[in-house]
Each structure stands twice: as C-alpha cells, then as structure tokens.
Amino acid sequence: MSKIQQVSAIGTIELARRLRAHGLIDNASIRAIDPSLLESVNTLDAQGDIAHTYDAFFPESWIITLWQEAQKNHPERPTGFLIGKTIVRDAYGVLAGLIRFSDTLGQAVTTYLQNIQYVNESEQWHYSKDSRQITLAFSYPRHKPYPSNAVERSITAMYAMGCYLHGKKLPLHSVQFQRKAPGYQALLEAYFGCEVAFSASCNALILPAEVMDWPLQPPSALLDTSLTQGKSYLTTLLRMSLQTKLNEKADTLLTPTFTNRVTTLLWEDMAHYSNSDHVASALHLSRATLYRKLNQEGTSFSSIRDAIRAELMTQHSGLKATELYELLGFSDVSSYYKARKRAQQTD
C-alpha cells in the first residue's frame, strides 16, 4: 500500500483562510474538502487558539484542491503572488521556529530544505551555487496535479521569507517560471525588481552568491506572540529540536551503555526525563540501581542531564526563561537561572 502524502495542517488552514479573504474561494468550497477545515479556518479568523495544529498534518489532497479551486474560479488573478508575498509566520509551523535560530540566510535556507517535510514533502527545491550566483530551483513531482498558482506562491514566498529574515529587500539577478507569461507580468517584475522570464526551463530564483552570507535579524525581532500561541507550540519546537540533535548524535549513542540509554531518553524528552525516577522506570530499574550503574561507567545522572540542558539553553537562548524552564524540566524560573549561571561559569 502506498503512503498517503500529508502536509502541514496549519499551512493548509492558513492557505484556506487567505484564499477566502481574497475572494478566491468560498465557505462551500472549503466545507466540501472537509467540514473540520472550515471550522479551523473560522477559529483562526476569530483569533481562537489552534496551536494544536502546529505539529499536525492533513492529507495533501486538501491543499491541492484549494489551489485548484482558486485557479479554476479566477484563472487570471495573481493568486500565488498574493498569497506568497505576505509572510504569515504561523503558516510555517514548527519550521518557522527552527529557521529563526539560524545566523545567516544560507543557514536558514539549508534548515528549510532539510526540514521541508514539516510543511509539504512534495515541495522540491534544488540549490546550486557558483562564484557569481546561487540558484534556487523549485518544482512539484510531475504526477502531482498542482496548478501554476501553487508554484508561483512557493517562489514568491521563498523570496519574501528571505527578505523578512534579513530585514531588507534582497537583490535578484532574475526570476524564472515555466508557465506562460500572465497578464500581470509587470506586477511580478515590480515586486521582484528584476527580469521575470516565462516559458523557462525551470522555476527559479537566481541571486548574487554573497547573499547567503548575509545576517538575519536578531531572534527578538523575528519572534512575536503570533508565532508562540500557547505552550504546545514551544513544546513542539523543542521536541523537534531534540529529535534533530538526537539524530545528529545517533552514531555516538549506538553502544548500549547505560550512559547512552539515559542520554537518549533525555534528548527525546527533557521535560519528562529530567526526573531520574522517570528514567529509572523507563529502564525498569530502581533509582539506586540506575545511579550505581552510571557510577560504574564513570558518570552520574545529574552530570548527563546538566550537560544536555546547558547545550539546549545555549541553542535556545532567544527564548525567554519563562517560556523555557518547564520544557527543560526545571521546577521554577529561579532554578533555570541558577543552572544557566553554573553552565556559563563552566564554559
């Protein structure tokens, strides 16, 4: 049985909301896809809490249908451009949180491409670079019935996100689309500030090579309440971060020592396994036996936990202590500050 492709739930909800706001689809069209989608769109419009959707997924067919309906209803409207040029950070869900910990545009692009599955795994980006320019080429799999407005949106959104992250308009050598030239070509050229070629061999943004070394705005300038609605988003962000770190350290954790088993549990869920009783229970040991076995391996539970906490505190320094302390298993903010001070003194 083939895998059912899924896409970001919050991205799908935000797309439906914005298509409706632009008069490109109506409630009946959204309800026909699924009544729960219309309910989520209405909740988002009313500024209700839909933070539970940040790490949820919907069938890919839903988002394809949204694009197809908008294209069918208004084939001459710059639908993809209208949706793509406005940055709605929530639409990127967890990926938005991961990107904002980058230092340069190049790091942000790399993070995006490595974690595209959190948005839409069917988005295919190819990055190439020479001494003069970098090319970001985009496509969907040929067998997926995405219309041209979806491609237009992805190209525009990638550029808009880059400008937003850097805080200034980015220069472009050119923009290319495989589709035929639309009636609003001048609108696109005015926005991108360069030549926009149509009937090209690929869909692509072509930028000066040095752009990838340009810095991002400080994390504080990129984070606002719209990105962190409720603790569930932050929990998801940290969990994804922990999983990324765990994957990076997988090779060093292959040896089945108790140190590695405890380390793996802590990387999987620091909030839960910062309590040694929970670790002992997961390993089917008493706490005393756990401590004795770690001591035999020349370490201790607290030293393993504190080292991982220190690494996470450094990685997530852009978050407030009041947002982070519980996720790292501290009982209160004061304990978090004391641990961070000890970690800084050790460094």
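Guide: We may begin with a side chain: that of T156 reaches the backbone oxygen of E152 at 2.8 Å. Please bear in mind that this is a predicted model.

Visitor: Where does T156 lie, and is T156 buried or exposed?

Guide: T156 belongs to helix α8, which spans residues 148-166. Its relative accessibility is 0%, and therefore T156 counts as buried, the cut-off being under 20%.

Visitor: Which residues is T156 in contact with, leaving aside its neighbours within four places in sequence?

Guide: They are F81, G84, K85, Y191 and F192.

Visitor: How are two packed helices described?

Guide: One gives the angle between their axes and the distance between the axes. Here, helix α1 (residues 9-21) and helix α4 (residues 60-73) have axes that come within 10 Å and cross at roughly 15°. Because angles under 35 degrees count as roughly parallel, α1 is roughly parallel to α4. The crossing of α1 past α4 is left-handed.

Visitor: Which residues make the contact of α1 with α4?

Guide: From α1 come T12, L15, A16 and L19, while α4 supplies W62, I63, L66, W67 and A70. By class, this contact has 8 nonpolar residues, 1 polar residue and no charged ones.

Visitor: What of the chain as a whole?

Guide: The chain has 18 helices and 7 strands, and 51% of its 347 residues count as buried. Of the contacts between residues at least 6 apart in sequence, 68% join residues at least 24 apart.

Note on methods:
Residues are numbered from 1 along each chain as its sequence is written. This is a predicted model: local features need pLDDT of at least 70, side-chain atom pairs count only at pLDDT 80 or more; totals for chains, interfaces and linings use all residues. Side-chain values use heavy atoms; hydrogens and water are left out. Helices (H or I, at least four residues) and strands (E, at least two) are DSSP runs, numbered from the N terminus. Buried means under 20% relative accessible area, exposed over 50%, partly exposed in between (1.4 Å probe, protein chains only). A polar contact is a pair of N or O atoms within 3.5 Å; within protein, one must be able to donate a hydrogen and the other to accept it, and residues adjacent in sequence count only if both atoms are side-chain atoms. Contact means heavy atoms within 4.5 Å. Axes are lines fitted to C-alpha atoms, for helices over the stretch in contact, and angles run from 0 to 180 degrees between N-to-C directions. Angles under 35 degrees count as roughly parallel, over 145 as roughly antiparallel, 65 to 115 as roughly perpendicular and the rest as oblique. A crossing is left-handed if the near helix is turned anticlockwise from the far one by less than a right angle, and right-handed if clockwise. Ala, Val, Leu, Ile, Met, Phe, Trp, Tyr, Cys and Pro count as nonpolar, Asp, Glu, Lys and Arg as charged, and the others, Gly among them, as polar.
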